[in-house]
Amino acid sequence: MPLGSSHGPEAETPESGSADMNPVLVVHGGAGPVSEDVRERVRQGIIRAATVGYCILREGGSAVDAVEGAVVTLEDNPEFNAGCGSILNTNGEVEMDASIMEGKDLSTGAVSAVRGIANPIKLARLVKEKTPHCFLTHHGAAQFAAAMGVPEIPAENLITEENKKLLEKEKREKEAQETDSEPNLATVGAVALDCKGNVAYATSTGGIVNKMVGRVGDSPCVGSGGYADSNIGAISTTGHGESILKVNLARLTLFHMEQGKTVEEAADLSLGYMKSRVKGLGGLILVSKTGDWVAKWTTTSMPWAAAKDGKLHFGIDPGETTIKDLA
């Protein structure tokens, strides 16, 4: 049974020909421990991302615009493991992965092992909309970014002192063969339902600390790091990437929804299966085509926020949910 869970009230299924859908936006800041010294900054960062995404929806914007906007906000915040907060590979370099998907036509875009750009999720969307492909990696993604006019930034601009220290600590512990804490499995992601009834997801990450050069996890892999189908719903996942890949966590969760499970039940089943089958920990955010949503995790914590009906729900730890009115 997942450690952490929060969900919205059950939504009513709209009648055929009824008014526009009530928009929903849910974001996560990654599964794993959140230390006391950064907790408030993480909380404010996740609230800001949800607010940015929800404002896009409230103004009539599309689900894909909303999830991109929310994730860009998180990529630009060094407290999160994406964009300028990405953790480092074994050589002390940043390699980032991202994917985005639109549920109305299943169009997808993904990039992996990208370097020297501020917002991989924007590049993933360009792959979706400006190429006949779904996924570009490393040098090819870099060439495409240059052709699209995406600004290249110095690699050191993406490296924080905090992440340098984290890599050194990880290498020391690996050498001493000790693991004193739950690993940071952070990723960022967003899911949305727009007023036209379409859904989308976006997921972005710097990966896992001290990873091999060229390692790619679940985040850019459609069906694992996320999925969106306007006939079912949208999901973004976070956690141990190799475990998520093995069970296709995102599509597995939506499969349970197709079988008639609620968002809560589907999340429990898929996270429980990943934990029992491959001993993998993680979390997810999920919105159904009718606007039901859930945030669930089996790690100690997962920063999350959800906006619906002019209210913002948010939390970090199990059993912790705060609700406030959106301006």
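**Entry 1: D218**

I started at D218 and, skipping neighbours within four places in sequence, found it in contact with S224, G225, T237, G239, G241, I244 and L245. Contact here means heavy atoms within 4.5 Å. Before going on, I noted that this is a predicted model, where local features need pLDDT of at least 70 and side-chain atom pairs count only at pLDDT 80 or more, while totals for chains, interfaces and linings use all residues. Residues are numbered from 1 along each chain as its sequence is written, and side-chain values use heavy atoms, with hydrogens and water left out.

Where does D218 sit? I placed D218 in the loop between β7 (199-205) and β8 (226-229). Helices (H or I, at least four residues) and strands (E, at least two) are DSSP runs, numbered from the N terminus. D218 counts as buried because its relative accessibility is 3%; buried is under 20% relative accessible area, exposed over 50%, and partly exposed in between (1.4 Å probe, protein chains only).

**Entry 2: the UniProt notes**

I looked up the record next. An unreviewed UniProt entry puts a "binding site" at R215, V216, G217, D218, T238, G239, H240 and G241. From this set, R215, G217, D218, G239 and G241 are in the lining of the largest cavity. UniProt positions follow the numbering used here, feature names are shortened, and annotations may be inferred rather than shown by experiment.

H240 lies in the loop between β9 (233-239) and α6 (241-247). Buried or exposed, or in between, for H240? I got partly exposed, because its relative accessibility is 30%. The side chains of H240 and S243 make a polar contact of 2.7 Å. That term is a pair of N or O atoms within 3.5 Å; within protein, one must be able to donate a hydrogen and the other to accept it, and residues adjacent in sequence count only if both atoms are side-chain atoms.

I found T187 in the loop between α5 (161-175) and β6 (188-193), and T187 is buried, at 3% relative accessible area. Beyond four places in sequence, its contacts include H28, N81, S204, S219 and T238.

A cavity is a set of points, on a 1 Å grid over the protein atoms alone, where a 1.4 Å probe fits but cannot get out; lining residues have an atom within 4 Å of a point.

**Entry 3: E75**

I then checked E75, which lies in helix α2 and is buried at 0% relative accessibility. A polar atom of its side chain is 3.1 Å from the backbone nitrogen of I121.

Last, I looked at backbone angles. K279 is not a glycine, yet has a positive phi of about 55°. K279 is in the loop between α8 (263-278) and β10 (282-288), and counts as exposed at 72%. D309 also has a positive phi, near 55°. The loop between β12 (304-308) and β13 (311-315) holds D309, which is partly exposed at 49%.

Technical notes
On a 1 Å grid over the protein atoms alone, a cavity is a set of points where a 1.4 Å probe fits but cannot get out, and a pocket is an open set with protein on both sides within 12 Å along at least five of seven lines; lining residues have an atom within 4 Å of a point.
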